[in-house]
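Q: Can you walk me through this one? I'd like to start with what the accessibility words stand for.
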Amino acid sequence: MAKVQVLNVAVLDNPSPFGNPFQFEITFECMEDLPEDLEWKIIYVGSAESEEYDQTLDSVLVGPVPAGRHMFVFQADAPNTGLIPESDAVGVTVALITCTYNGQEFIRIGYYVNNEYTDPELRENPPIKPDYTQLQRNILASNPRVTRFHINWDGCSDKMEDSENVDPSPNSSSSSSMVPSSCLAGKALPVGLLSGNSMDCL
Amino acid sequence: MKLLKPSWVSHNGKPIFSVDIHPDGTKFATGGQGEDSGKVVIWNMAPVLREEDEKNVNIPKMLCQMDNHLACVNCVRWSNTGLYLASGGDDKLVMVWKRAAFIGPSTVFGSSSKLANVEQWRCVTILRNHTGDVMDVAWSPHDVWLASCSVDNTIVIWNARKFPEIVASLKGHTGLVKGLTWDPVGKYIASQADDHSLKVWRTMDWQQETNITKPFNECGGTTHVLRLSWSPDGQYLVSAHAMNNSGPTAQIIERDGWKTNMDFVGHRKAVTVVKFNPKIFKKKQRNGSSPKPSCPYCCCAVGSKDRSLSVWLTSLKRPLVVIHDLFDKSIMDISWTLNGLGILVCSMDGTVAYLNFSQDELGDPLNEDEKNAIHQNIYGKSLAITTEAQLSTTIIENPEMLKYQQERQRAEQANHRMTHEAQAHKLTSVVNGESLEDIRKNLLKKQVETRTADGRRRITPLCIAQLDTGPFSSSSLNGSNLLLTTSTKMEPMKALDSRFTERSKVMPGVTISMFNVCLESPFYLTGYVRVFSSNYKVGTFYQGHFLFLLSPTAHLQATPSSEKEPCCVVAIPVAVLKLPTPTPQKAFTLQVSTEPPVYLEVENDVSAVSGAKLSQLRCSREGREWDTLLPSRVITAAGSSDVVAVACEDRMLSVFSACGRRLLPAILLPAPMSALHCAGFYVMALTACATLSVWDVQKQSAVVKNESLQTILSGTECTVSQSLLTQQGVPVIGLSNGKSYCFNSSLETWNLIADKQDSLVQCADFKNCISSQDAPVSQGPLALTQGHNLNAGRLASRLSSTPHHLQHGMTLVFLENQLASALTLRSSTEYHYWLLIYARFLVTEGSDYRLRELCKDLLGPVHKSAGSAWEPTTLVGGLRKRDLLRELLPVIGQNLRFQRLFTEYQDQLELLGNK
């Protein structure tokens, strides 16, 4: 049985302009204390035609995860428009949230995403080169597609002779390059007086 | 008799190997084969018992499903208290389950809205010892032990109060052990195996009492299980598969001399399971007949490979009832309801049957008193202690039992409190006083995000509900350094409760800083929140403190002395400064450093030998752990990557190295500790009498010695709102009026470094002087102390309409203040940052003299002279003045007006460089 169950994913800031960051509020429950972090990814499918245009918008480690119910907000920058085929910019595509533990994907949550112009004029006569500033992104939050995979939760412990429980194909190594570098590599100083809005001075 | 086969009780057609009814009769568990794993399912009993409940869609049928066993589950058994469920399977494991009470029903995300697990049962311990499939498990009377038997020919007795401790391993069988039963009196345990023997073992020394082989000699073939059973009066033991004259029987073995004279005959194939009714019965008094006392009797159900079930009364020669063709395959397990009138039977064919008897059929069950009277008669004592009243009158002869009884009483009290608290906390949507909605609104802002060493984002999730871990925390993950404080450590709730009431009496209405240890890092915060939520049982108490924790305010009470003369205006009122102190808690955990991750875990009042109470400090650092003991209760602790400091109730401060060595002799403080901080090798102590000390542990010297906060606090009504220690060992005290001071140890003065009301900040305009290349210094101590006010400065030009010359002056003063503050805080990066801005400002505004003096200052004397006090470095951070000057020169060169100054200093620097 999976040690981590995703209980809910709330799509925040939706619909929103195309350039806004994605925000998912994820609630999950963990049956036992996890010694390792969970890794969450948001993958934006640039084109339905080919996986080549998939962009990993961001990946985060989530931990430590003790037994219990937890929530966090996963925010990731909007996709790099330069990597989206122009013909696929407008219309329906897919955003995926995946979670891996020890490198094994155990859940994949897919959302349909509809990108369209809000301006009726543009909608009628879309420009040949997509105008991303005018596009609105609408994630069809009510209808997530959830796929769960059986994985080995105990790492390489001896009790797993039963190979049936190991997900045979957790190959998600294809995407790792497009992590946005705009964030500051802020080092956490041990002197920490966080007044509520100290982040403002960034 | 009524019979029902609830079709909805199924493992999707897979065999069901075991069934057990919960002692409270509200649910039952089944164990068997799952899709690709073993499966344990907990079902609701109500739909089995009542047809209207079965039809009511609002009443859940399945309560919980556990797929954790890797292979087929052979046995499920509830503990006698009903708190635990033990399961054993082909994966060689025994798992013990407990209900996670604080988590409500959950839906499966992404599927239609039907409830998945109505109850959450969580594996609290995994017992690993068997080297083969576990066939049967059994809880001893009073749940003192848990026994498991396996195809590895052994029986393991586990200490059920201290899993996974093994009490004994019973070896002697030469075949697969397939059934276990405890003597209800607690003196024996019996096992039956494929080696054609039934063995009885003593619980006193775990040695074999007897070995019975005769009735099993003829046994051929094998059965999947051999579940034997002991009668509730303890007088008879009934075996599974035995043979008598080539016929399959269930052998009756008398306790008295282990005689094997009787058996239950009639099944056509091997008996797989025997189960005694937990009740002892007596004959139903019929109307009109004379109340003639009849001999009490027992009732026993026998299931067989021949797919039929027989129910026997020991008072009758023939079975009460035999039900044929109840199943398509062999019967695997039987369980009686505690009232003795219902019975659940499961089969290899994957179905379950329920039989309900009336009292007319079985007789009048004896009540507990009568049952105990029987025990009393037979054994001279009643070990089946069931009511509190009897507990007080019964003499307990076995020391083990005495220990158990005492523990049980304690547990019961704790339990009572727990359920009480749990009721108050039924809704888990409230976390420490904040509703889930509030949390969600600010989650993104509040959640702690850090970078790992390789630059990846790492989010610490907000724990919104805790799974209660139960008394056994000894799961395999115990070694990991997670921030969970198990409820065992929280045991003396009473102490905490009473402390609460005490406190509210002493200072009604005053917010008290429970923990005013400064937030060393954002991590620390979540650490606390988590400790709190695991404290949960005293949640009402903490609720009010949650917000408070987020912005810890140490309320300072300036109590004017009572002798103060009201007329005397000139006299300075003698204020007795008093800072609040943290209250010692039973246990707490905190993360003191993120790079490398260092966690501290404090557990107070760990009882040790001869009744002495010790406190334990445990530190885990990158997987390495050390611990140490302290004679007094720890009230607060702090640490950095280099040192760990703890302050105890006895006013002693102890400092340890990263590896747990004591670095300083225990320091006696003048008053109890109010706040304690560590940074680098510096330790800062703020005592309750408002004095401040800072020590350099590396140099073993005092940086600040017992400095009173009187200076910064006198004449104001304000309180200490924050305190911190910079990496350079500079203590900073923030007050509630928005002013922050640091203590300058070389000048021995308090310096103002930030003032939220400072009008200079609002008006200073240096926006033009900020180069885009400069990384904004948001993490330095100065920036953190001043907080968002800096932003105002940047926006000043847009907001203010002050005349230019005034604004120019204000900006200049502000920048110089910043420089001085950065210097006194010894924050080199911030000094560097502000120096560049200052220089740019001077250059653009054309302040010739100041600029020249600055350059001169940085360059220093060209020739070394003994009398010169000039030091090449300005700051502890290692910034060299001449390097700074070199950096400033291009800035100076930007304004043609200063070309002479530029050339002058460039030449001199070159000259010095050549030397």
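A: Buried means under 20% relative accessible area, exposed means over 50%, and partly exposed is in between. Keep in mind that this is a predicted model.

Q: OK. So is Lys282(B) buried, exposed or partly exposed?
A: Lys282(B) has a relative accessible area of 25%, so it is partly exposed.

Q: Which residue does Lys282(B) meet in a salt bridge?
A: Glu370(B), at 2.9 Å from N to O. The two are 88 residues apart: Lys282(B) sits in strand β24 and Glu370(B) in helix α4. Glu370(B) is partly exposed too, at 29%.

Q: How many salt bridges are there over all chains?
A: The structure holds 28. One of them pairs Lys178(B) with Asp194(B), at 2.9 Å from N to O. Lys178(B) is in strand β16 and Asp194(B) in the loop between β17 and β18, so this pair ties together parts 16 residues apart in sequence. Lys178(B) counts as buried, at 6% relative accessibility.

Q: What about chain A, where does Glu105(A) find its partner?
A: In Arg108(A), with the closest N and O atoms 2.7 Å apart. Glu105(A) is buried at 6%, while Arg108(A) is partly exposed at 27%.

Q: New topic. How do α17(B) and α18(B) cross?
A: Their axes come within 9 Å and cross at roughly 140°. The two helices are therefore oblique to each other. Contact residues include Leu835(B) and Tyr838(B) of α17(B), and Arg850(B) and Leu851(B) of α18(B).

Q: Last one: which residues form the nonpolar surface patch?
A: Val92(A), Tyr112(A) and Leu140(A), with about 260 Å² of accessible area together. Val92(A) lies in strand β7 and counts as exposed at 55%.

Technical notes:
Residues numbered from 1 in each chain as written. Chains lettered and ligands numbered in written order. Predicted model: local features only at pLDDT ≥ 70, side-chain atom pairs only at ≥ 80, totals over all residues. Heavy atoms only, no water. Patch = residues over 30% accessible without salt bridge, like charges linked within 9 Å, V, L, I, M, F, W, Y side chains within 5 Å. Areas by Shrake-Rupley, 256 points an atom, 1.4 Å probe, with all protein chains shown as cover. Salt bridge = Lys/Arg side-chain N within 4 Å of Asp/Glu carboxyl O. Helix = DSSP H or I, 4+ residues; strand = E, 2+ residues; numbered from the N terminus. Buried < 20%, exposed > 50% of the residue type's maximum accessible area, 1.4 Å probe, protein only. Axes fitted to C-alpha atoms, helices over the stretch in contact; angles between N-to-C directions. Parallel < 35°, antiparallel > 145°, perpendicular 65-115°, else oblique. Contact = heavy atoms within 4.5 Å.
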